[in-house]
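Hi,

Here is the structure I wanted to hand over to you. Please have a look at it first, and then read my notes below.

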Amino acid sequence: MYRRGGFGQVPLSTVKSYEKLLEANKAWVAEKLGTDPDFFQRLVAQQQPEFLWIGCADSRVPAEEITGTNPGQLFVHRNIANQVIHTDFNMLSVLQYAVEVLKVKHVIVCGHYGCGGVQNAMTNRDLGLINKWLRHIKDVYRIHRTELDAIEDEEQQFRRMVELNTIEQVTNLGETTIVQKAWKETGFPMLHGWVYDLGTGIIDELVTMDSPKSLEPIYQYELD
Ligand code: CO
């Protein structure tokens, strides 16, 4: 349907930029095959990732690259500000498939300092539809307002909010029956809250959870 390089209003430089991606893909295939001729054939057969990664959609936080993982190792879900929202069927479907079918051993929620989603949620700006998404982050701020308001330095407060947002999403995972049923049956997955620093490239661990014990009682389901 589209003629090569014929996108009407799209400047030629833009066309060239995406063509670079396709060229890079061919180079990547050649490189992989050069070191491992069976690389793609092995992946065709099945995927057995050990990890589910729930991260921010931010282009500066590429899950595989910052963890040194290859295709087949991470099952990935990304959205604005790495949210785990209990009515989000996209996230829940990914979670259920990862836990019940792929039987991942670890679920990692990875937030990042400098997260635009978290930053905007801490303002009173009206951003339209995205208000609905950021509303969940405002709730995190409300729950932890005493701690956050006591931090005078704005940058430090923002960093702490990113950490608390990540920890809260780990709690949200633990509050799903998907995770609680798996814990009861297999003892897995272990939940992890990590935070990535855009300025250094370093990931720090914030929290781990592998049982419902630390959850508020009202969120602990009776499972048979
Ligand atoms: Co972000």
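**What I found**

Let's start in a loop: K103 sits in the one between α4 and β3. (Helices and strands here are DSSP runs, H or I of at least four residues for helices and E of at least two for strands, numbered from the N terminus.) K103 has a phi near 55 degrees, a positive value in a residue other than glycine. With a relative accessibility of 55%, K103 counts as exposed. Buried, by the way, means under 20% relative accessible area, exposed over 50%, and partly exposed in between, with a 1.4 Å probe and protein chains only.

Before going on: this is a predicted model, where local features need pLDDT of at least 70 and side-chain atom pairs count only at pLDDT 80 or more, while totals for chains, interfaces and linings use all residues. Residues are numbered from 1 along each chain as its sequence is written, and side-chain values use heavy atoms, with hydrogens and water left out.

N82 also has a positive phi without being a glycine, near 40 degrees. N82 is in the loop between β2 (74-79) and α4, and it is buried, with a relative accessible area of 1%. For background, most residues other than glycine have a negative phi, and most peptide bonds are trans.

**The overall layout**

The chain has 9 helices and 5 strands. Read from the N terminus on, its elements go α-α-β-α-β-α-β-α-α-α-α-α-β-β. The C-alpha trace spans about 55 × 45 × 35 Å along its principal axes, and 36% of the 224 residues count as buried.

The domain assignment gives domain 1 (1-46) and domain 2 (48-219); such bounds come from an automatic or database assignment. Taken over C-alpha atoms, the two domain centres are 31 Å apart. In contact across the two are 5 residues of domain 1 and 4 residues of domain 2, where contact means heavy atoms within 4.5 Å.

**Helices against helices**

α4 and α9 pack at about 10 degrees with their axes 10 Å apart. (Axes are lines fitted to C-alpha atoms, for helices over the stretch in contact, and angles run from 0 to 180 degrees between N-to-C directions.) The two helices are therefore roughly parallel. The cut-offs are under 35 degrees for roughly parallel, over 145 for roughly antiparallel, 65 to 115 for roughly perpendicular, and oblique for the rest. From α4, the residues L92, L95, Q96, V99 and E100 meet I178, V179 and A182 of α9. By class, this contact has 6 nonpolar, 1 polar and 1 charged residues. Nonpolar covers Ala, Val, Leu, Ile, Met, Phe, Trp, Tyr, Cys and Pro, charged covers Asp, Glu, Lys and Arg, and the others, Gly among them, are polar.

α6 (residues 130-143) and α8 (residues 154-174) have axes that come within 10 Å and cross at roughly 105 degrees, which makes α6 roughly perpendicular to α8. I137, V140, Y141 and I143 of α6 make the contact with M161, L164, N165, E168 and Q169 of α8.

**Around α9**

The buried residues of α9 (residues 177-186) are I178, V179, Q180, A182 and W183. Their cover includes α4 (89-101), α8, β4 (190-196) and β5 (203-209). Just after α9, G187 takes a positive phi of about 80 degrees.

Is F188 cis or trans in its peptide bond to P189? The bond is cis, with omega near 5 degrees. F188 lies in the loop between α9 and β4 and is partly exposed at 35% relative accessibility. Leaving aside residues up to four places away in sequence, F188 touches K105, A182 and W183.

Cheers
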